[in-house]
Amino acid sequence: MEHSGLGLAITGCGSATPAVSVDNTQLSQIVETSDDWIASRTGIRHRRLAPPDSSLAELAAEAAKGAISMAGITAMDVDLILLATSTPDDLFGTACRVQAEIGASRAVAFDLTAACSGFVFGMVTAAQYIRTGVYQNVLLIGADILSRWVDWTDRRTCVLFGDGAGAVVMQANEADRLLAFELRSDGMLNKCLNLSYNSQPKPLLEDVAIAQGTFNPITMNGQDVYRFAVKRVPEVIEKALFRANLTVEQVDWLLLHQANQRILDAVATRLHIPSHKVISNLAQHGNTSAASIPLALDEAVRHGQVKPGDMIAASGFGAGLTWGAALFQWGRFD
Ligand code: ACO
C-alpha cells in the first residue's frame with residue numbers, strides 16, 4: 001500500500017553475532033586483567049569475535065534478512081539501505097556489498113559513519129527520506145567489527161569491545177512513530193576517542209609530496225568519555241521528550257548505546273528511570289559500537305520484553321564526539 005509520506009513505523013528488526021564467544025578469564029591470558037576488574041567496572045563478561053574468514057557485509061546481511069522477514073516485506077521492496085559502521089570491509093563503502101548479498105537490487109545503498117552514534121543518526125536520516133515521500137521502505141543496519149581495530153595489548157580498551165550487527169526496517173506509515181529526536185556533535189572533543197590515520201610524508205615529484213600510512217588502533221580517554229556520556233546523554237533525551245510533549249514516566253524502555261553498565265546506570269539514575277526499564281545486553285556482547293542499539297532492541301523484541309506500541313528512548317554516543325537521542329514507538333500497532 002502506498003502512503004502519503006506523512007510518517008513512519010519501525011516494523012522489523014534483526015541481528016547477527018559471530019559464533020565465537022570469549023569470556024573475561026580468557027582475555028586474562030592475553031593482557032593483565034581479571035573477570036572481576038572487567039565485570040565490576042563495565043558489566044561485560046563475554047564478547048563475540050569475528051573469525052578471520054568473515055566479513056562485515058556477511059554479518060550485516062544476516063541481521064538485515066531478519067529485519068526484512070519480520071517486517072513482512074522482501075529484499076526487492078527495499079528502497080534504501082543505510083549501513084552505519086566505522087569498520088567497513090572497504091573504505092569506499094560496504095553497503096553495496098550488503099545490497100548484493102541480500103538481493104535488494106532496487107535499493108540505493110550507502111555507508112554512514114558516526115561511530116557509536118551511527119544507528120541513531122541513521123534512524124533520523126532514514127526518517128527524512130520517508131517523511132518527504134521519497135522512499136517507502138528503508139533498511140537501516142548498524143554493524144561493526146571492532147576486534148579488527150583495537151590494540152590487543154592495551155587492556156584499557158581491548159576488553160571493552162565485541163563484534164556484531166543489528167538492523168531495522170522503517171516503513172512509510174500514516175501515523176509517525178518517530179516522535180522526536182535530538183542530534184549533537186562536538187569536534188572540540190575529537191581527541192577523546194580516535195581510530196585515526198597515521199601517515200608519513202612521501203616525496204613524489206620535485207616540490208610535490210603526499211602522505212601515506214595506516215590506521216592506528218583505537219585510542220580512548222575512558223574517564224573523559226564517561227563524564228561526557230553521563231552529562232550529555234540525559235540532556236538529549238530530555239530535549240527529545242520535551243519536543244514530543246512527553247514525560248519521562250511515559251518511557252517504557254531506556255535503550256542506550258551499550259558502552260558500559262556504569263554509564264547505563266548513571267544515565268538512568270539522572271533521568272529517574274527505574275532499572276527494570278533499562279535494556280542491557282552488555283554482559284553477553286560488550287560494546288559493539290553502531291550495532292549495539294539494534295542488537296539490544298532485536299534481543300528485547302524477540303524475547304518478548306519490548307512489545308508493539310512500547311515507547312523507547314534510544315540514545316547513541318561516541319567518537320566525533322557525536323551523540324543523539326531518538327524517541328520512538330516500536331512496531332506495527334493500531
Ligand atoms: N584490567 C585491569 N586493570 C586495568 C584494566 C583492565 N582491563 N584497564 C585499566 N586498568 C587499570 C589501569 O591501568 C589503571 O591502573 P593504574 O592506576 O595502576 O594506572 C587502573 O586500572 C584505573 O584505570 P582507569 O582508566 O582510571 O580506569 P577507570 O576506572 O576509569 O575504568 C573504564 C576504565 C572502564 C574504561 C572507564 O573509564 C569507563 O567506563 N569509561 C567510559 C568509556 C567507555 O565505556 N568507552 C567505551 C568505548 S567509547 C563509546 O562507546 C562511546
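Which domains does the domain assignment of the protein chain give, and what lines the largest pocket?

A: This is a predicted model, in which local features need pLDDT of at least 70, side-chain atom pairs count only at pLDDT 80 or more, and totals for chains, interfaces and linings use all residues. Residues are numbered from 1 along each chain as its sequence is written, and side-chain values use heavy atoms, with hydrogens and water left out.

The protein chain is assigned domain 1 (7–176) and domain 2 (180–188 + 219–329); such bounds come from an automatic or database domain assignment. Taken over C-alpha atoms, the centres of domain 1 and domain 2 are 16 Å apart. Contact (heavy atoms within 4.5 Å) joins 43 residues of domain 1 to 39 residues of domain 2.

The largest pocket has a lining that draws at least three residues from each of domain 1 and domain 2. A pocket here is an open set of points, on a 1 Å grid over the protein atoms alone, where a 1.4 Å probe fits, with protein on both sides within 12 Å along at least five of seven lines; lining residues have an atom within 4 Å of a point. Its volume is about 1100 Å³, counted as the space filled by probe spheres set on the points, which are joined across faces, edges and corners.

The lining of the largest pocket has 39 residues, and L160, F161, L193, M220 and V225 lie nearest the centre. Two or more lining residues come from each of α2 (35–42), α6 (155–158), β9 (193–194), α7, α8 (261–271) and β14. Helices (H or I, at least four residues) and strands (E, at least two) are DSSP runs, numbered from the N terminus. The most is given by α7, with five residues. By class, the lining has 22 nonpolar, twelve polar and five charged residues; Ala, Val, Leu, Ile, Met, Phe, Trp, Tyr, Cys and Pro count as nonpolar, Asp, Glu, Lys and Arg as charged, and the others, Gly among them, as polar.

Strand β14 also belongs to an open sheet of four strands, in the order β8-β15-β14-β13 with mixed pairing. Its edge strands, β8 (178–185) and β13 (253–256), each pair on one side only. Strands pair if DSSP finds at least two bridges between them. Between β14 (residues 311–318) and β15 (residues 322–329) there are eight bridges, in the antiparallel sense; S315 has A325 in β15 as its bridge partner. Helix α7 (residues 222–244) packs on this sheet, touching β8, β13, β14 and β15, with its direction at about 40° to that of β15. Axes are lines fitted to C-alpha atoms, for helices over the stretch in contact, and angles run from 0 to 180 degrees between N-to-C directions.
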